[in-house]
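Here are my notes on the model you asked about. Have the structure open while you read.

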Amino acid sequence: MATEVWAPLFSLVGVALGGGLTALSQRATQRSAERLEQGRQASATSEARRAERLQAIKDFIACAQDAERAAYNRPEAWGDDDDWTGTASAAMTRLWIAERHLVLVGSTRLHAPVRSYGRALNQAVWREIGDVEVNEHLEEQKQAFMSAARASLDSA
């Protein structure tokens with residue numbers, strides 16, 4: 001009678017132990033897969049944010065180039081060219097929008113150089129720079145912005 005009891009009991013213990021180990025193994029595999037997926041999602045989010053920052057920087061640079069072009073094309077006599085005034089106003093509006101977008105999505109170390117470069121461009125377009133050449137007036141702020149932009153992308 002003892003063998004009749006022990007054989008099914010060992011069989012039951014073996015099934016329970018096997019089931020428990022299978023459940024533990026599946027749980028560990030599931031947790032590992034969840035961690036891996038979280039890592040992938042974090043990486044994808046980080047890359048998407050970096051791409052958004054890069055696009056904002058590109059947009060700002062394109063708008064800055066339009067504003068710089070307007071500064072170089074400004075007529076000598078103020079008010080002689082209504083087409084230029086409209087073009088310059090539109091370029092500066094796009095620049096300020098791009099600047100605010102960049103401040104919104106960019107790193108905080110980029111805020112001051114973006115604002116300084118934008119102000120310098122505004123002064124150059126509306127000739128608030130006296131007899132200084134446009135490129136001389138812009139060079140320092142442009143270089144500071146470019147350095148800050150590179151640093152913000154490197155750290156992202």
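Predicted model: local features only at pLDDT ≥ 70, side-chain atom pairs only at ≥ 80, totals over all residues.

1. Numbering runs from 1 along each chain as its sequence is written, and side-chain values use heavy atoms, leaving out hydrogens and water.

2. Searching the whole structure turns up four aromatic pairs (Phe, Tyr or six-membered Trp rings with centres within 6.5 Å; planes under 30 degrees apart are stacked, over 60 edge-to-face, the rest tilted). In one of them, F60 and Y117 have ring centres 6.0 Å apart and planes at 65°, so the pair is edge-to-face. F60 sits in helix α1 (residues 2-72) and Y117 in helix α3 (residues 111-125), 57 residues apart (helices are DSSP runs of H or I, at least four residues, numbered from the N terminus).

3. F60 and Y117 are both buried (under 20% relative accessible area, 1.4 Å probe, protein chains only). Together with F145 they make one aromatic cluster.

4. The largest nonpolar core has 30 residues, and F60 and F145 are among those touching the most other members (such a core is buried Ala, Val, Leu, Ile, Met, Phe, Trp, Tyr and Cys joined through side-chain atoms within 4.5 Å). Helices α1, α2 (82-105), α3 and α4 (134-155) each give two or more residues to this core.

5. Now α4: its buried residues include H137, F145 and S152.

Terms used
Buried < 20%, exposed > 50% of the residue type's maximum accessible area, 1.4 Å probe, protein only.
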